[in-house]
Amino acid sequence: MFDSNLVSDAERATVAARPPQLPRSGPFAGKVAIVTGSESGIGRETARALCESGAAVVLNGRNAERLEHTRQDLATAGHTVATCVADVTDYAACERLVQTALDHFGQVDILITNASISMRAYFADMAPEVFRQVLDSNVYGTVYPLKAALPHLVRTRGSVTFISSISALNGMPSGSAYCAGKAAVANLAHTLRLELVDTGIHFGVVHIGFTQNDPEKRVLDAQGQPVPIAHRPPRWQKSQTEVAAIIVRHVRKRRQRTVISALGRLIVLVHTYLPRLGDWVVLSTIRRMRNFYE
Ligand SMILES: NC(=O)c1ccc[n+]([C@@H]2O[C@H](COP(=O)([O-])OP(=O)(O)OC[C@H]3O[C@@H](n4cnc5c(N)ncnc54)[C@H](OP(=O)(O)O)[C@@H]3O)[C@@H](O)[C@H]2O)c1
């Protein structure tokens with residue numbers, strides 16, 4: 001229940017020597033999950049849903065205050081949680097994140113790579129460093145936690161879910177680096193499923209569609225300044241709780257791919273079978289609904 005940054009080696013040894021106190025009821029009883037980027041938004045609600053299904057969860061984010069607030073919220077509800085402030089684009093920080101799970105609970109069964117930075121900027125205007133920051137958070141923010149957790153997931157024949165987006169299934173103007181990153185992780189999951197088939201680890205991807213956001217959510221503009229997310233029609237949005245429940249079901253059923261929402265499934269169909277029509281729809285919405293992109 002503490003930030004692993006603040007733990008001395010002696011304290012860590014004491015925690016490790018204690019038998020893990022894992023919840024005993026629910027479909028994930030006895031399981032330990034790490035959810036990256038879980039101090040807020042969909043990650044926080046996914047952590048809550050996993051806890052409600054019996055898992056012990058390591059929460060993560062870069063903002064110590066917000067992370068502690070989320071920890072208190074879940075711990076007060078009686079859930080078994082620990083926290084680790086870690087930037088998932090930093091490999092050493094990801095090793096600390098995984099070590100936090102081992103120190104507190106002795107194992108890692110489930111990894112959900114949810115941390116991500118999004119954007120609203122056209123490619124031609126974007127500072128190259130901003131492109132890199134968005135891409136890194138989505139790609140290395142997925143690769144590094146997995147690299148650090150992999151030996152432990154092999155031991156438990158665990159489950160890995162990459163959080164992607166329906167925008168990985170097609171292109172989305174003003175989202176170049178984000179869409180490229182989300183498409184990369186979907187492809188990575190496929191490769192790893194084949195390459196690591198003998199480990200018995202589940203590799204899955206969830207393509208999330210438009211979801212309600214925390215009011216504080218910010219994305220990067222072309223110069224890397226945090227700005228509110230672009231307008232999304234409320235009727236197109238699922239709640240974070242609904243999305244979290246779908247993610248948890250995906251993990252429980254060890255699905256390869258889950259595309260959330262009817263709109264997401266329609267996008268898959270149109271871009272697979274009628275790609276020109278898909279592009280026409282996007283190009284005409286750019287003209288008629290500029291605030292959707294900008
Ligand atoms: N909301 C939607 O409509 C939607 C649609 C499709 C896909 N998704 C995907 O769903 C996931 C969650 O989205 P959300 O809407 O809940 O976004 P969010 O509210 O911005 O949450 C993202 C979380 O990731 C953390 N984070 C970002 N970069 C990090 C890093 N380098 N290291 C550690 N933590 C980091 C953020 O905290 P700090 O910034 O404080 O670190 C925050 O807690 C993302 O992968 C997103 O791409 C969302």
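1. A friendly place to start is the helix packing: helix α2 (residues 41-52) and helix α7 (residues 240-252) pack with their axes 8 Å apart, at an angle of about 55 degrees. That makes α2 oblique to α7, since angles under 35 degrees count as roughly parallel, over 145 as roughly antiparallel, 65 to 115 as roughly perpendicular and the rest as oblique. Helices here are DSSP runs (H or I) of at least four residues.

2. Please keep in mind that this is a predicted model, where local features need pLDDT of at least 70, side-chain atom pairs count only at pLDDT 80 or more, and totals for chains, interfaces and linings use all residues. Residues are numbered from 1 along each chain as its sequence is written.

3. On the α2 side, G41, I42, E45, T46, R48, A49 and L50 meet Q240, T241, V243, A244, A245, I247 and V248 of α7 (contact: C-beta atoms, placed from the backbone, within 7 Å).

4. A second pair is α5 and helix α6 (residues 176-195), whose axes come within 8 Å and cross at roughly 20 degrees. These two helices are therefore roughly parallel to each other. From α5 the contact includes F131, V134 and L135, and from α6 it includes A177, Y178 and A180.

5. Leaving aside neighbours within four places in sequence, V57 is in contact with A33, V35, A47, L50, C51 and V81.

Note on methods:
Contact = placed C-beta atoms within 7 Å. Axes fitted to C-alpha atoms, helices over the stretch in contact; angles between N-to-C directions.
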